[in-house]
Amino acid sequence: MSVSRCWNVPGLPSGSEPVRPDRRRWLRAGTAAGTLALLPGGVADVLALPVGPTGARLAAGTPSSTALGAAVQRAVHQIVDHPRVLDDPLAVKIVGAESAAMQAAVDRRSRGLRAYVAMRSRHAEDRLAEAVARGVRQYVLLGAGLDTFGCRNPHEASGLGLRVFEVDHPATQAWKRGQLAAAGIVPPPSLTFVPVDFETQRLEDRLRDSGFDPRQPAFFSMLGVVVYLTEDAMNATLRFVASCATGSGITFSFTLPPSRLGGAALASRERSMAAMAALGEPWLTFLEPETVPGRLLALGFGTAAVLTSEQANRRYFGDRADGLRVPASSHMADAGV
Ligand SMILES: C[S@@+](CC[C@H](N)C(=O)[O-])C[C@H]1O[C@@H](n2cnc3c(N)ncnc32)[C@H](O)[C@@H]1O
């Protein structure tokens, strides 16, 4: 069934197949941008209590709600944005076609977040392709959420033998595996799930126990994760990547501190941060593009660069007519060993 036949929502191409009544149990909730999301009852548990201002959500064993928020944005991108910055044929399937379509129909305020979420995955997959061309055969997604790369791995399909390690908090990863099963997506043998809490567990030990080969180079991505970590956990994670075999590298996303924002951007940020704190996933760590390369070199990387939102907009959104743009506060960093 093609994606365009999966929903029946005003404002979107109507399909011949109506939304099934048993999937109409919608729940309103804040998402990663603090924006309105309409989610099917099947994933409502991910937004259930316990929540609170202390960041206790994951520690309490409740999966990340922001992972769902990001995944919904990728799914909506597949449906409403032309041309797509990220081609992800499993993005709609993993969240449920109706969920994505409903949000697309009702929520016009999250275009900037959608652009950022799509761009950061595209950038990571572009950098990964370059690494694979250089001979890298291990890819580690740190804080993978509902990212579907491991299940569509084109480098495995083309016979290059890229192994994928999905690292995530145990609570989120267990929920993701349930989402995959419910969607009928079977993880391929090249994909290994590695449950790790970056705040309390040693990433290197957990990876090695899962078959990661520290003597071989690896490419890492960490998308939408830094902001949810303490600075200590972020530094420990980056220091480990910097200690990996020569030829390894990482791309990660980060966001500006509120002190660098003003006007509408600051007001929007304050709303988002309040919503995230209320969901139990407060924003903790912010970075400034001017200081990121120096910090990465100090952590042990041999090369470091920032792709600012402005540069990302030129590279990935340059010649589009719909005005889709990454917000000015959202950037990427690339570092190599
Ligand atoms: C906003 S989601 C991003 C998910 C995914 N990278 C994406 O772009 O869709 C944040 C992710 O960070 C993970 N995360 C947050 N804190 C973590 C921790 N202490 N240890 C491991 N994962 C963590 C969450 O479980 C979640 O999957």
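Author: A residue is buried if 20 or more other C-beta atoms lie within 10 Å of its own, exposed if 12 or fewer, and partly exposed in between. In this predicted model, 47% of the 337 residues of the protein count as buried. The protein has 13 helices and nine strands.

Reader: Why is Ala 304 called partly exposed?

Author: Buried needs 20 or more neighbours, and exposed needs 12 or fewer. Ala 304 has 19 C-beta neighbours inside 10 Å, so Ala 304 counts as partly exposed. Ala 304 is found in strand β8, residues 303-307. Leaving aside neighbours within four places in sequence, Ala 304 is in contact with Pro 293, Leu 296, Leu 297, Ala 333 and Ala 335.

Reader: What makes Ala 278 partly exposed?

Author: Ala 278, in helix α11 (residues 263-278), has 14 other C-beta atoms within 10 Å. Ala 278 and Arg 57 are 221 residues apart in sequence and 9.9 Å apart in space, C-alpha to C-alpha.

Reader: How do you know that Arg 206 belongs to the partly exposed class?

Author: By the count again: Arg 206 has 16 C-beta neighbours inside 10 Å, and therefore counts as partly exposed. Arg 206 sits in helix α9, residues 203-209. Not counting residues up to four places away in sequence, Arg 206 touches Val 194, Val 196 and Gln 201. Val 167 is 39 residues from Arg 206 along the chain, and their C-alpha atoms are separated by 9.2 Å.

Reader: What does Val 167 touch?

Author: Beyond four places in sequence, Val 167 touches Val 140, Leu 141, Leu 142, Ala 144, Val 194, Val 196 and Leu 203. In the largest nonpolar core, which has 76 residues, Ala 71, Val 140, Val 167 and Val 226 touch the most other members.

Reader: Why are α2 and α5 called roughly perpendicular?

Author: The class covers angles of 65 to 115 degrees. Helix α2 and helix α5 (residues 111-133) pack at an angle of about 90°, with axes 9 Å apart. The two helices are therefore roughly perpendicular to each other. By class, their contact has five nonpolar, three polar and two charged residues. Ala 70, Gln 73, Arg 74, Val 76 and His 77 in α2 meet Leu 113, Arg 114, Val 117, Ala 118 and Ser 121 in α5.

Reader: Which residues come nearest the ligand?

Author: Ala 70, Gly 143, Gly 145, Thr 172 and Gly 224 come nearest, out of 24 residues around the ligand. Helix α2 (residues 65-80) gives the largest share of this shell, four residues. By class, the shell has 13 nonpolar, seven polar and four charged residues.

Reader: What makes the bond between His 82 and Pro 83 a cis peptide bond?

Author: Its omega is about 0°, and the bond joining His 82 and Pro 83 is cis. Pro 83 is found in the loop between α2 and α3 (91-95).

Reader: What share of the contacts joins residues at least 24 apart?

Author: Among contacts between residues at least 6 apart in sequence, the share is 75%.

Terms used:
Residues are numbered from 1 along each chain as its sequence is written. This is a predicted model: local features need pLDDT of at least 70, side-chain atom pairs count only at pLDDT 80 or more; totals for chains, interfaces and linings use all residues. A residue is near a molecule or strand if its C-beta atom, placed from the backbone, lies within 6 Å of it. Ala, Val, Leu, Ile, Met, Phe, Trp, Tyr, Cys and Pro count as nonpolar, Asp, Glu, Lys and Arg as charged, and the others, Gly among them, as polar. Axes are lines fitted to C-alpha atoms, for helices over the stretch in contact, and angles run from 0 to 180 degrees between N-to-C directions. Angles under 35 degrees count as roughly parallel, over 145 as roughly antiparallel, 65 to 115 as roughly perpendicular and the rest as oblique. Two residues are in contact if their C-beta atoms, placed from the backbone, lie within 7 Å. A nonpolar core is a set of buried Ala, Val, Leu, Ile, Met, Phe, Trp, Tyr and Cys residues joined through C-beta atoms within 7 Å.
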